[in-house]
Amino acid sequence: MAAPCRKIINQFVKRSLKCFEPRVIPCRWSNTVRNHTVEKHRHSPLSSTRELVNQQDSPSDVMVPREFRFVHPDFLPYPVWNRRDRVREKLEREDMLKRRAVIDIPEFYVGSIMAVTLADKNAPGKQNRFVGICIDRAGHGLYHYFVLRNAIDGQGVEIKYDMYNPLLLKIEVLKLEKRLDPQLYYLRDAPLEYSTFRLDMEPVSVLKGAQVPLNAIKVKMNPRPWCRRWERHNLKGVLPLDDYITEKMKKQKQHPQIEKPWEKHDLMLKARTSIDDREVDQIMTEVYKRKEKIQKEKFQKRGQEGKREVKKAQEVKK
Amino acid sequence: MAAFCIRSMLLRNLTCQNLISADPTLTSRVLVCHQQVRGRRRTCKPPSWFSKRRVSIKQDITPENAKFIKDVIIETYKKPESPLKDGPWSRGTWTPRTQRTGVLAIKLGMLPQWTKDGKKFITTLLQVLDNHVINYTPPDEFAKSMGWKPYWGSKYGSVVVGALSCEPHLFSKSYNNLFAKAGVPPKRKLTRFLVTPDAAIQPGTPLNVMHFRIGDYVDCSAKTIGHGFQGVMKRWGMKGGPATHGCTKAHRRMGSMGGGRDKAGVWKGKRMPGHMGMDWRIVKGLKIWRIDTKYNVLYVTGYSVPGPTHGYVRVYDTVLKHKREHLIENGNPPPMPTFYPEDGKEPIPEEYLDDELFNFNNESISYATEK
Amino acid sequence: MLGKLFPIPKMNKIAQAGVLVFRGPNACVSAFPIQSFSTSPCLNQIIKLSRMKVVDNSMLGRKAELASKPARVIHIYNKKGVGYLGDKVLVAIMGEKKRAYIVGLRQNQKENVPRFDSNNIVLVEDNGTPTGTRIRVPIPSCLRNREGDFTKILSIATKFV
């Protein structure tokens, strides 16, 4: 009686064991679709919401100037691979281009002197203007921001602006310049004359097509204490700091864990924190084409308006 | 002994039947577990009733044959056997108690947006990719199925929704049979929504972003990011022990576990080390700010939608009463049971924006004219 | 003696005069020699005993600055215990208790809100009128919509940023 039963049970056990075959389910990513799989499904002929490849987006023979990517660093997406998505980046870029069609965002760099006009409910003229030197610009896509610094009445003031904030009415570049460092936060610990600019400063005109001038000024810092350990930052735009720091600090600075000499050879770090050159080219081509199109439309509009005005003037004359 | 043997055999038989059965009502319960259960909540082992979905592809096919198979698959699903052969189902009318089906979206990440007052806020982007209704089970039938919970009563039927179409030769026969009724290619992911019978949908109906409207509120449920087995400091944010002062082997441990007297012993639910993340979480009452119909993308308030980028998210009408009020007051019910493109008289615009949201095409916000 | 212990080769003008400028978040004038440790509290928050710079032209503020005895916060009139822009505080200055409003902060601010190089206050009397008659530094424009006693401070301000 028991023997056949056992046989059947064994069969079932075997069968049920089959579905418990050891499978590797990556725990952290099993609730996720891989990036390439999502892309496959977006273009799959089986998909009902199939995304057609746009002819305009495909790379063509348009030559994008090499400087274009340095003029528009805000168009580069966030480089962490597992947070990237093509469609999101595309929608983001579209929003940015729309905004750029409305407001003129000029070329500027860290070290340029700028003026920003901001809509302000409480101000008497309903707008507020601030002039200062750009000490930092960062953020990817719509998150892009820049920081202006000025000393007004002997008081250092810094304001951070979101570049795509709709409250910005006007962005002007009063003096187009570059500095030796990617960030100028050390001006906080330098004498105020290095960051003092007149609020009624007049714009300095730059020849079109000329190279952006580099201001190789070396700032003399105040004695310590500082807001950061500047001796560890390898600043280029600062006079030697050896007089201000102790022997112990000099030694500490050369410690390998602080100096991190291996970082410049770390290819993986570079891959993690930057975007592939080919992809940058693709993005910049797309942006370049769109910008040209927008400019053409603007010129056409202006031309039409000009014609209308001419017509009006003629009618008035008649 | 014999009786026990036979009984266990019968039980095994039952499970085995489920295993082989192609009944979608039984297999669809693979997907969602809303209830939090004590003990092991996550496991790498599939449950006993889970039929193997994936089949290994034979490698000895020539490229020409592989291409031929692909073409045949595309041809078959291009003109599928009409799912409307038994006529379109009658559509119910929306009442405050109606619970419609949801969609299975994919999280794309976050973007900042601005209101018309110039206030910045974060939105999460959810893409609705290739969603179809796979099956509908009416309440009385659903109450007999395995996944039914007694506290649901006989109010709810179930709708199975699938996302991301795949080629059928990648899957097993029993899995492919689930999609026979709907006449759509097999889906990579399935999920189930509880619906009231007036929101019943015919299998084979496509779902897209237009299922929701601007200004409506939705709930999002998804699996959070998995962190594996974690200690008490990372999992619960406890303080750990001191770094020095004679501290031995207690730098990252929790302190005491229980007190004395009537509070003695370790209480149930004590926060301890264990598996962190990879758990179902629901975020309720998120407003839809913006809809992109070209890419099928929803812009939803906040950055708290659970899960990583490209994670699956179940999006459905909110259950919060105070966020459903505007539907009743304005007499503006959502499309029932879903949006049908043939109903709309006007062509669908590429983008819908909330009234309070700043449109990037507009001029900058200026207060100068307000005087 | 102290100069030998902490040798500083180049000093700025005030340092040569025998008084040194503290360049922490609570910038003020101190009679102590330069210190090698940082005096900046974490997050630059305004808490009790934070040192503030009086930016109006009141005699009391000027006296405190010359005597290098900065105003110290001894109470913050909100529930958090941390002072933010526009908050009212109680300060100890030259042995007196005075009320004051915070009009500039060193900590990082939101976008479009200015961040200053020092923590600034404006002294007010108990009835709410400002002690001084003029504010020497610019004031954040976002404070302009404040009501009540703050309007009196706005009326003596010279510049807004």
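Strand 3 (residues 145-152) and strand 4 (residues 155-162) of chain A pair in the antiparallel sense over 8 bridges; strands here are DSSP runs of E of at least two residues, helices are runs of H or I of at least four, and both are numbered from the N terminus. Two strands count as paired if DSSP finds at least two bridges between them. The model is predicted: local features need pLDDT of at least 70 and side-chain atom pairs count only at pLDDT 80 or more, while totals for chains, interfaces and linings use all residues. Residues are numbered from 1 along each chain as its sequence is written, and chains are lettered from A and ligands numbered from 1 in the order in which they are written.

- Leu148(A) has Ile159(A), in strand 4 of chain A, as its bridge partner.
- An open sheet of 6 strands, with antiparallel pairing, runs in the order 5(A)-1(A)-2(A)-3(A)-4(A)-7(C).
- Its edge strands are strand 5 (168-175) of chain A and strand 7 (115-116) of chain C, each of which pairs on one side only.

**Helix 4 of chain A**
- Helix 4 (residues 86-102) of chain A has 17 residues and reaches 25 Å from its first C-alpha to its last, close to the 24 Å expected at 1.5 Å a residue; the expected span is 1.5 Å times one less than the number of residues.
- Buried residues of this helix include Val87(A), Leu91(A), Met96(A) and Arg100(A). A residue is buried if 20 or more other C-beta atoms, placed from the backbone, lie within 10 Å of its own.
- The buried residues of helix 4 of chain A pack against strand 1, strand 2 (120-127), strand 10 (280-292) and strand 11 (297-301) of chain B.

**Chain B**
- Chain B has 7 helices and 13 strands, and 29% of its 371 residues are buried.
- Of the contacts in chain B with a separation of 6 or more, 78% join residues 24 or more positions apart; a contact requires C-beta atoms, placed from the backbone, within 7 Å.
- In strand 5 (residues 187-195) of chain B, 8 of the 9 residues are buried.
- Strand 4 (residues 157-165) of chain B runs antiparallel to strand 5 of chain B, joined by 8 bridges.
- Val159(B) has Phe193(B), in strand 5 of chain B, as its bridge partner.

**Nonpolar core**
- The largest nonpolar core has 129 residues, and those with the most contacts inside it are Leu126(B), Leu298(B), Ile121(C) and Val122(C).
- Strand 1 (residues 103-114) of chain B gives the largest share of this core, 6 residues.
- Such a core is a set of buried Ala, Val, Leu, Ile, Met, Phe, Trp, Tyr and Cys residues joined through C-beta atoms within 7 Å.
- Beyond its neighbours within four places in sequence, Ile121(C) is in contact with residues including Met52(C), Val89(C), Tyr101(C) and Val103(C).

Methods. Buried ≥ 20, exposed ≤ 12 C-beta atoms within 10 Å, placed from the backbone. Contact = placed C-beta atoms within 7 Å.
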